[in-house]
Structure formats: C-alpha cells, structure tokens
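How many salt bridges does the count come to? The paragraphs below take up that point, then the fold and the surface.

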Amino acid sequence: MNFLLSSTDDPNNIVRLCFYDLSKGFNRVDHNILIDIVRQFDVHPALVQSIASFLTVRSQRVCFDGILSEWKPVPAGIP
C-alpha cells in the first residue's frame, strides 16, 4: 500500500486501482458457475484468481446460545 501511495506523489506516474466489494454481489449464484462466467468475459487472470480465492473452499457455522453447529460448506452465496 505504501508503494501505491508514494507512486501518486510523482505527477508523471499513472496509478490504476480497482476496488471491488463482493459482500452481496453474487448471492445465490453457484461459485463454480460464477467463476466460469467471469472467465468468459476475458477478465484479467489475476482478478479471476482473486475472485475464485474469495469464493472457493469456504465454510460457515452458527453459534446460538453458546452452542456451535457443525461446519458446513458454502457452495453458493457470499460467506
């Protein structure tokens, strides 16, 4: 991050940034299908990998009244 900030100090530098929020963007979409669709749009492989890393091999559990449920995979939606 310091590199990005210091790069903006020089008026001759061009800095391109992309911020994306996936927190609610793909609710109820199967993760594998979503990643395949993103690849079809010729998105840069680094961005595809970032999205895939965020979505794959996720699990969740619930805590209610101090009791934890079993871990379950999250194959769709945002964890």
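The count comes to one salt bridge, a salt bridge being a side-chain nitrogen of Lys or Arg within 4 Å of a carboxyl oxygen of Asp or Glu. It joins the side chains of aspartate 36 and arginine 39, at 3.6 Å from N to O. The two residues are about one helical turn apart, because aspartate 36 and arginine 39 lie three residues apart in helix α2. Aspartate 36 is partly exposed at 42% relative accessibility, and arginine 39 is partly exposed at 48% (buried is under 20% relative accessible area, exposed over 50%, partly exposed in between; 1.4 Å probe, protein chains only).

This is a predicted model, in which local features need pLDDT of at least 70 and side-chain atom pairs count only at pLDDT 80 or more, while totals for chains, interfaces and linings use all residues. Residues are numbered from 1 along each chain as its sequence is written, and side-chain values use heavy atoms, with hydrogens and water left out.

The chain has three helices and four strands, in the order α-α-α-β-β-β-β along the sequence; helices (H or I, at least four residues) and strands (E, at least two) are DSSP runs, numbered from the N terminus. Of the 79 residues in the chain, 18% are buried.

Phenylalanine 19 sits in the loop between α1 (2–7) and α2 (31–40). Phenylalanine 19 counts as exposed because its relative accessibility is 69%.
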